[in-house]
Amino acid sequence: MSNTWKIYVLALVSFLVGTSEYVIAGILDRISDTMNISLIAAGQLITIFSLIYALGTPIIIALTSRMDRRKLLLYFLGLFVVGNVLAYLLPGYGLFIAARVLMALGAGVVVVTALTVAAKIAPTGKQASSIATVITGFTASLIVGVPLGRMVAAAWDWKLIFAGIAILGVIAMIVIASTIPPSEGEAPVPLKKQLALLKQPRIGFALLVSFFWLGGYSIAYTYISPYLVSVAGMSETLLSSALLAFGIASLIGSKSGGYSADRMGVKRTLILGMALHVISLLVLNITAHSGMAIFIVLVLWSFSAWSSGPTQQYNLVTMAPESSGIMLSLNSSVMQLAMAAGAGIGGIAVSSVSLSSITWIGAVGVLIAMIIIILAYRPAITTTAQTESSNVA
């Protein structure tokens, strides 16, 4: 098997991990109905997954840094598969939570290790594109995994989704074991060194941007399926189509965000994207009862939300280019914490206010991120201008 195909296998693994994380939002109402639990309790399945992913991944990666990458990938992909098998087999909400914990522990390590392996086996000069291919697998889970999961849940039993992920995971393990070469681990990066970057105000503010931007998005996205069914009155067929359109828009938005950052700059791209993000969430309630209008707004929401992703990652890397790996790792953990917080706050909003309130509360989170960008960039611009003036003098 060529290295190109091996990288596609790693992209498939990334797709499976992404689907296991995001599909819950697409079937939240189904889980609530079949398990006889509230929407809020169902939403906490996302909170728990993201929290375990955020806190567990950096610790496990640090402890296993010297381990052979292929073995590490296989061990934790195996743990991820076990979690999905248990999610399919075990009854009850409590046991499903336990299965989600195993999934999250496996998922975080699998994604980080898959990216590392992809870079190592990529042809010379194609490391970046190989990493992008693996990340695209994760993004594809929104485009294909979530709407497909919704269709499976509508036609059969939603638990079959996790059985399917487990089967594909086993196939991926067999292929990886027989084709991916062993590779040495790396010297561990001390946690003190990783956290030292947080002492820099610009980096701290940038990570806050990630937290509030994705947190605001998560507040609304976690409950998007029950919102579209109960508030917007969407049919099952239309809902699957809406989730598919949402996923496609996320991919286009991600590509456009990177292109815009190169042409217009990071600050302008982030502010414009988040402004459209806020507007889309606010307009979502107004268009809730108009089929075509809400479809358009959903696409605009997804496009604008995901346009900030690659731009923000590029922004963080340029702040500390000598520690790019640590920066991306910190950002990944912050983003997962944001997903956990967003799902939790969304649950409180649904129980205390109403299901329709998730859109404007989510918009507040994104607005805070936008304000931080505007305020945090001013000192940097001023400092740069002063430095240039001093150099001229």
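Helix H1 passes helix H3 in a left-handed crossing, a term used when the near helix is turned anticlockwise from the far one by less than a right angle. The model is predicted, and local features need pLDDT of at least 70, side-chain atom pairs count only at pLDDT 80 or more, and totals for chains, interfaces and linings use all residues. Residues are numbered from 1 along each chain as its sequence is written, and side-chain values use heavy atoms, with hydrogens and water left out.

H1 covers residues 3-26 and H3 residues 39-63, and the two pack at an angle of about 160° with their axes 9 Å apart; they are therefore roughly antiparallel to each other, the word for angles over 145 degrees. On the H1 side the contact (heavy atoms within 4.5 Å) is made by Ser-20, Glu-21, Ile-24 and Ala-25, and on the H3 side by Ala-42, Leu-45, Ile-46, Phe-49 and Ser-50. These residues divide into six nonpolar, two polar and one charged.

Helix H2, residues 28-35, has as its buried residues Leu-28, Asp-29, Ile-31, Ser-32 and Met-35, where buried means under 20% relative accessible area and exposed over 50%, with a 1.4 Å probe and protein chains only. Seen down the axis of H2, these buried residues fall within an arc of 160°, so they line one face of the helix, whereas Asp-33 and Thr-34 on the other side are exposed. Just after H2, Asn-36 takes a positive phi of about 55°.

For the chain as a whole, the secondary structure comes to 15 helices and zero strands, and 52% of the 393 residues count as buried.

Notes:
Axes are lines fitted to C-alpha atoms, for helices over the stretch in contact, and angles run from 0 to 180 degrees between N-to-C directions. Helices (H or I, at least four residues) and strands (E, at least two) are DSSP runs, numbered from the N terminus. Angles under 35 degrees count as roughly parallel, over 145 as roughly antiparallel, 65 to 115 as roughly perpendicular and the rest as oblique. Ala, Val, Leu, Ile, Met, Phe, Trp, Tyr, Cys and Pro count as nonpolar, Asp, Glu, Lys and Arg as charged, and the others, Gly among them, as polar. The arc is that of the directions from the helix axis to the C-beta atoms.
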